Amino acid sequence: MKKNVKYIGSAIAVALLAAGAPVVIPMMIPVNIVQARDQPIDDNNTSEQPDAPLVDKINQFYGQFGKHIYVSGPNSLKDVLNTLSTNDYTENYYYFDPSSPKHIHDLQSDTALAKLKTNPILGQKENFGDAIFENNNGDYYYRDVLGYFSFHDASTDKDIDVSSSSKMQDYLNSLATAQWPFTVTIHLVQSTDKSDGTYKTPSLSNIDASLKSYSFEVDRSSLNIQKDTTTPVIAKGTKVITEDGLNSKLASGNNSLSVVDNYSKNSGNEYQSDMDRMAQPYYGSSFFANETDAIDYAKTPEFDTASVSAPKSVSLSDKGTYYQTVSYFLKGNSDSAVQAMLENSTDDKTGGKLDDYQTFINGKLGTDGTDYVLNKSAGYLTIVRPIQVGDRMTANLTDIKTTVGNDDLPKENIGSLQYNGETIPSTSTTDGKYYLDLQGKEEAPTEDISAGKFHKPGNYYRKITYTLDSGKVSDYGIEVTPGSPDNTVTFMQKVNVEQIDKIVNPVSVTKGDSSTADAVTGVTSYGVNSNRLLDDDGSLVDTTKGQYKGVSFGMDYYLDDGKTTDSDVLNNKVKPVADVVDDNGNFAKSGDYLRTITFYLIDSTIDTDSLSELGSCKVGKDAEGNNTVTYIQKVHIAGYPVVKVVLSDDLSIPIYEQVIDYPQILLNDTDSNGSYSAYLTVGSDNHKLTDPYYAEIGEHVYHSSKDALTNNNPVKSILFEAEKTEPEFFKQVGCYYRTVSFQLGKSANLYNFEDESGKRLEEGTDYTFNADKNIITFAQVIHVTGSTATATMPDKVSVSYSKNLNTFNIDPGAKLTDDANGNTIATGTVYSLYTTAEAAYNSDSSKAVYPLKPGVYYTEVSLSIDSSKYDLYTNNEGEKINGYLPKIEGNTISYIQQVTIEPEEVKTEINSQTADVGTDMNDFIENNFGTYELHGTNNQEDAVGTGIPIFL
């Protein structure tokens with residue numbers, strides 16, 4: 001059946017309509033199903049015959065996916081796979097269940113799967129929906145060919161079970177921490193259902209097995225910066241900006257960028273010019289005194305590589321080390337995935353949100369804002385490099401990387417001398433000594449290196465002495481130590497000695513597991529062993545030898561008690577534990593053990609003497625003369641399985657709400673994350689131990705989990721109908737506990753129970769168990785919430801002083817407001833004032849203010865509500881007021897408020913008088929200006945006094 005034409009029976013349609021589902025019911029029932037044609041149908045009717053052999057069509061189908069698909073990260077895939085695991089799953093077009101493969105026609109025509117295709121077929125439709133398996137009449141070809149997809153995890157080397165929508169969702173949630181790339185395989189299988197056509201010969205019967213599956217990798221896109229490790233050197237006084245632009249020594253280097261995504265890996269050359277453009281470095285024309293300033297500038301929207309006056313930039317006027325930006329311009333090219341990343345938009349192919357590309361610098365994953373800057377607004381990817389300014393001679397020396405056991409390092413003609421960017425003719429030698437410090441004062445001990453051979457990994461230094469072909473080093477500003485030749489100069493070279501990697505994976509199994517299973521022996525589905533010895537050139541193990549692809553294991557197991565050393569086991573100083581493995585080859589005893597693991601080495605690949613540097617081992621040869629090395633492997637044998645107890649602690653119901661309307665509380669529905677509010681899981685895949693539908697809820701609620709588990713003091717008074725076993729609604733706010741019981745398939749003694757954090761649960765304290773019925777019971781909390789009230793808390797108020805002023809006259813302005821109707825349900829009162837906020841917070845009576853007088857004081861304002869009806873919230877939650885956080889204690893919220901008592905204003909009133917000519921002034925003054933009056937602004941009382949007028 002074509003995926004975009006689906007029919008349902010009338011009875012089902014009626015049922016869906018009754019349930020409220022939008023359904024289109026076809027007028028004609030029964031429905032005719034289009035059936036794929038047999039081949040050949042009619043030799044004379046060529047229009048109904050396949051237009052190409054099945055082999056060609058399979059290759060066409062496979063070819064659309066290519067060998068590599070690049071995505072920016074997990075989010076780019078989620079929308080596609082969510083569609084395939086939800087919409088398609090509910091429509092019975094789920095392509096990831098091996099037990100239910102789908103028609104290859106549907107795999108080809110599915111629009112969501114098309115988003116994973118990268119290689120168009122010649123003449124391809126724009127949406128990758130070519131009807132490879134369908135003719136112009138809508139008839140299917142090769143209907144008996146079915147297919148499905150599988151995923152293979154790189155870290156575990158195992159296929160991932162995504163056979164259901166929920167399992168696909170679990171996998172999608174793990175992508176952020178999964179190892180990339182992962183492998184996707186398309187599997188083709190032969191249908192045996194007669195409704196798929198009566199073919200004379202099954203279509204896949206003559207198809208080579210190699211064509212019945214096809215694999216491609218899904219990897220993360222990346223930005224790979226090649227950073228020149230050589231520091232550019234210019235002489236003091238060198239002109240930075242010339243007529244031709246930035247000085248060539250500051251605008252050059254072995255720096256480049258490669259973009260790895262579906263566009264850069266396109267088989268054609270249509271995107272190559274843009275890839276070349278993004279690879280071009282832009283060297284900054286501003287320089288900085290430190291790396292941080294350069295990084296900070298690269299983050300700004302105004303970032304410009306051509307700017308010569310960036311913020312905090314400095315001139316190269318003095319000798320020293322400076323820093324310069326090296327940038328790559330990513331904006332405005334045909335790589336639409338990069339453009340979408342810069343714009344924080346979605347991938348135009350998958351429809352998913354684009355993660356930022358991972359950025360690597362010289363092969364090492366970098367950190368944005370520290371190692372590099374991805375400035376999306378400016379469109380630049382930027383790193384910072386040092387610039388050396390000075391008159392001094394330098395050596396062009398690169399760090400050397402080598403491995404433990406190596407003694408073949410160059411001893412002459414090492415690097416070159418540089419001065420002002422020019423090479424000075426000279427010869428170089430080394431004395432063969434190695435040092436632990438850059439100054440060459442502490443020589444490496446013989447246990448680290450002897451006879452030029454390294455025994456321990458780490459960083460070492462050696463002296464490289466240059467002898468000038470002509471001239472003196474003093475001509476280049478170098479001080480010569482008295483008594484030393486004037487034509488030699490010595491520099492230090494870093495030598496990084498790396499360890500050969502030994503990978504011996506610890507084994508973790510369960511009692512009853514086979515000791516020869518691949519998980520125990522390390523053999524992978526790719527024919528290699530996950531236990532390995534490696535150097536930079538690859539594996540050192542000969543996989544054609546030994547029991548398990550180059551590896552063999554000892555038959556004895558030794559107790560890993562923390563005291564027994566690897567050397568004890570290798571030298572037979574301890575006795576093995578008996579019967580760890582039974583006669584059937586299965587593990588029979590739990591515990592932690594040690595066993596030997598032997599690697600068979602490729603002839604002449606390494607000096608076996610260096611293998612002892614990897615830890616205690618025995619180097620030797622087997623009976624056939626093969627070089628071997630034996631180490632110790634840890635084996636953990638677990639006892640009974642651990643059951644994880646998942647009890648949601650965020651079940652809540654508002655007061656007076658009908659419980660029947662909250663299916664989460666009745667265990668009839670999942671929460672927003674798709675999980676039931678109470679269930680048990682077991683095993684590494686966390687599969688359900690019991691079906692949540694079979695969980696049983698207790699009849700009562702309690703004030704504590706202890707009371708719930710012991711059925712002690714059930715709280716019936718909180719229910720509106722106390723006599724009912726199932727409450728209609730709660731009538732009091734608070735936290736209550738109820739019991740949730742599960743029926744186990746076997747005794748609880750055969751499990752270890754843990755909560756979600758991994759804490760071991762104990763019987764009697766955390767759960768009870770009915771051994772007769774195999775029923776385990778836990779306590780679960782239910783939060784009954786009330787109406788919410790918001791606190792308004794002004795941080796300060798101001799009042800004017802008066803003789804009648806007391807604390808009860810001061811309005812703090814604090815109130816509680818019912819969020820539902822806006823009514824004020826409580827107001828605050830000022831009881832006491834204190835000289836400091838601390839005194840108010842601690843109610844320190846020794847600093848209380850009485851009587852009141854003008855000044856700045858502090859008080860504690862409290863607001864109280866009915867806790868059985870309201871949940872209290874504060875609009876200042878998490879913020880300090882006058883230096884202290886508000887306190888919520890029970891049904892009361894308190895906070896510290898500043899109270900300012902302003903002094904009353906005083907004004908002077910002096911009456912003016914008029915005197916006639918000839919008036920006796922002494923009498924006039926005494927009679928008219930003998931007093932003045934002072935009046936308070938509140939007119940509370942008058943102050944009268946005597947004054948002397950002054951005549952001007």
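The chain has 14 helices and 56 strands, in a model that is predicted. Of its 952 residues, 40% are buried, and the chain exposes about 50800 Å², of which carbon and sulfur atoms supply 46%. Among the contacts in the chain with a separation of 6 or more, residues 24 or more positions apart account for 71%.

**Helix α3 against helix α6**

- Helix α3, which covers residues 74-85, packs with helix α6, residues 165-174, at an angle of about 170 degrees, and the axes of the two helices are 9 Å apart.
- Because angles over 145 degrees count as roughly antiparallel, α3 is described as roughly antiparallel to α6.
- On the α3 side the contact is made by Lys 78, Leu 81, Asn 82 and Ser 85, which meet Ser 165, Met 168, Gln 169, Leu 172 and Asn 173 in α6.
- Sorted by class, the residues in the contact of α3 with α6 are three nonpolar, five polar and one charged.

- The N-terminal end of α8 is capped by Asn 290, with a side-chain oxygen of Asn 290 lying 3.2 Å from the backbone nitrogen of Thr 292.

- Ser 221 is found in the loop between β6 (213-220) and β7, and because its relative accessibility is 1%, Ser 221 counts as buried.
- Apart from residues up to four places away in sequence, Ser 221 touches Tyr 70, Val 71, Ser 72, Val 260, Asp 261, Tyr 357 and Gln 358.
- Pro 232 sits in the loop between β7 (222-226) and β8 (233-234), and with a relative accessibility of 11% Pro 232 also counts as buried.
- When residues up to four places away in sequence are not counted, Pro 232 touches Lys 249, Arg 385, Pro 386, Ile 387 and Gln 388.
- Between the C-alpha atoms of Pro 232 and Ala 251, which are 19 residues apart along the chain, the separation is 9.5 Å.

- Leu 246 belongs to strand β10, made of residues 245-246, and its relative accessibility of 17% is the reason why Leu 246 counts as buried, the cut-off being under 20%.
- Leaving aside neighbours within four places in sequence, Leu 246 is in contact with Val 240, Ile 241, Ala 251, Tyr 283, Gly 284, Ser 285, Phe 287 and Gln 324.
- Asp 818 is placed in strand β48, residues 815-818, and at 7% relative accessibility Asp 818 counts as buried.
- Asp 818 touches Thr 788, Asn 823, Ile 825 and Tyr 870, where residues up to four places away in sequence are not counted.

**Backbone geometry to check when preparing the model**

- Most residues other than glycine have a negative phi, and most peptide bonds are trans.
- Trp 180 and Pro 181 are joined by a cis peptide bond with omega about -5 degrees, and Pro 181 has its place in the loop between α6 and β5 (182-190).
- A cis peptide bond also joins Tyr 850 and Pro 851, with omega about 0 degrees, and Pro 851 lies in the loop between α13 (837-842) and β50 (855-864).
- Asn 344, although it is not a glycine, has a positive phi of about 55 degrees, and Asn 344 lies in the loop between α9 (336-342) and β15 (358-361).
- Asn 713, likewise a residue other than glycine, has a positive phi near 55 degrees, and its place is in the loop between α12 (705-710) and β42 (734-743).

Technical notes
Residues are numbered from 1 along each chain as its sequence is written. This is a predicted model: local features need pLDDT of at least 70, side-chain atom pairs count only at pLDDT 80 or more; totals for chains, interfaces and linings use all residues. Side-chain values use heavy atoms; hydrogens and water are left out. Axes are lines fitted to C-alpha atoms, for helices over the stretch in contact, and angles run from 0 to 180 degrees between N-to-C directions. Helices (H or I, at least four residues) and strands (E, at least two) are DSSP runs, numbered from the N terminus. Angles under 35 degrees count as roughly parallel, over 145 as roughly antiparallel, 65 to 115 as roughly perpendicular and the rest as oblique. Contact means heavy atoms within 4.5 Å. Ala, Val, Leu, Ile, Met, Phe, Trp, Tyr, Cys and Pro count as nonpolar, Asp, Glu, Lys and Arg as charged, and the others, Gly among them, as polar. Buried means under 20% relative accessible area, exposed over 50%, partly exposed in between (1.4 Å probe, protein chains only). Accessible areas come from the Shrake-Rupley method with a 1.4 Å probe; for residues, only the protein chains shown count as cover. A polar contact is a pair of N or O atoms within 3.5 Å; within protein, one must be able to donate a hydrogen and the other to accept it, and residues adjacent in sequence count only if both atoms are side-chain atoms.
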